[in-house]
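The following note sets out numbered points for a colleague who will work with these coordinates. Please read each point beside the structure shown here.

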Amino acid sequence: QVQLVESGGGLVQPGGSLRLSCAASGSIFSINGMGWYRQAPGKQRELVAGITRDGVTNYSDSVKGRFTISRDNAKNTVYLQMNSLKPEDTAVYYCNADIKRTVYIRTRNYWGQGTQVTVSS
């Protein structure tokens, strides 16, 4: 069984910062790509940032220069540092990872439960 546990969401004022964390636990053989998605009310879920196993990153244009994704492979954890937050960043943020549970099973995609980020004055 694999579980992605998120933390760090909450309420913050415009211009403030938050850091999200997501730790994968359970039976894990290896983890490939990891990333963060978000979904605002009435909108489709979108990719915010992704990171490969060896640290290559990509970002949505809307967050470039403000957000930073990183990971700690020893801890099976991915982070999202969010600075200069704007009201339009308000959404449920979801952790995502491609995980191979055992040598006998192909890699599959997993999602966290989501954490609310609200940017408001």
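1. Terms for the core. A nonpolar core is a set of buried Ala, Val, Leu, Ile, Met, Phe, Trp, Tyr and Cys residues joined through side-chain atoms within 4.5 Å. Buried means under 20% relative accessible area, exposed means over 50%, and partly exposed lies in between, with a 1.4 Å probe and protein chains only. In the largest such core, which has 28 residues, Trp36, Leu80, Met82 and Tyr93 touch the most other members. At least two residues each come from strand 1, strand 3 (18–26), strand 4 (30–39), strand 5 (46–51), strand 7, strand 8, strand 9 (91–100) and strand 11 (115–119). Strand 9 gives the most, with five residues.

2. Basis of the model. This is a predicted model, in which local features need pLDDT of at least 70 and side-chain atom pairs count only at pLDDT 80 or more, while totals for chains, interfaces and linings use all residues. Residues are numbered from 1 along each chain as its sequence is written, and side-chain values use heavy atoms, with hydrogens and water left out.

3. Overall form. The protein has 11 strands and zero helices; these elements are DSSP runs numbered from the N terminus, with helices (H or I) of at least four residues and strands (E) of at least two. The radius of gyration is 14 Å, close to the 14 Å of the globule rule for 121 residues, so the protein is as compact as a globular protein of that length. This radius is taken over C-alpha atoms, and the globule rule is 2.2 Å times the number of residues to the power 0.38. Along the principal axes, the C-alpha atoms fill a box of roughly 50 × 25 × 25 Å. Buried residues make up 39% of the 121 residues.

4. Contacts along the chain. Contact means heavy atoms within 4.5 Å. Among the contacts with a separation of 6 or more, 56% are between residues 24 or more positions apart.

5. Four strands form an open sheet in the order 1-3-8-7, with antiparallel pairing; two strands pair if DSSP finds at least two bridges between them. Strand 1 (2–7) and strand 7 (67–72) are at the edges with a single partner strand each, so one side of each has no neighbour in the sheet. Neighbouring strands of this sheet are turned by 15 degrees against each other on average, direction ignored. For such angles, axes are lines fitted to C-alpha atoms, for helices over the stretch in contact, and angles run from 0 to 180 degrees between N-to-C directions.

6. Pairing in detail. Strand 1 is joined to strand 3 by six bridges, and Val2 stands opposite Gly26 in strand 3. Strand 3 and strand 8 also pair over six bridges. Six bridges likewise join strand 7 to strand 8 (residues 77–82), with Arg71 opposite Val78 in strand 8.

7. Leu80 and its surroundings. Which residues are in contact with Leu80, leaving aside its neighbours within four places in sequence? They include Leu18, Leu20, Trp36, Val48, Phe67, Ile69 and Tyr93.

8. Ser21 is found in strand 3, and its bridge partner in strand 8 is Tyr79. At 15% relative accessibility, Ser21 counts as buried. Beyond four places in sequence, Ser21 touches Val5, Glu6, Ser7, Trp36, Val78 and Tyr79. Thr115 lies in strand 11 and, at 14% relative accessibility, also counts as buried. Residues touched by Thr115, again not counting those up to four places away, include Glu6, Leu20 and Tyr93.

9. The disulfide. A search of the whole structure finds one disulfide, defined as a pair of cysteine sulfur atoms within 2.5 Å. Cys22 and Cys95 form this link, with sulfur atoms 2.1 Å apart. The link is left-handed, with -85 degrees about the S-S bond. Both Cys22 and Cys95 are buried.

10. Backbone points to check. Asn76 has a positive phi of about 50 degrees although it is not a glycine. Asn76 lies in the loop between strand 7 and strand 8 and counts as partly exposed at 25% relative accessibility. Ser84, also not a glycine, has a positive phi of about 50 degrees. Ser84 is placed in the loop between strand 8 and strand 9 and, at 40% relative accessibility, counts as partly exposed.
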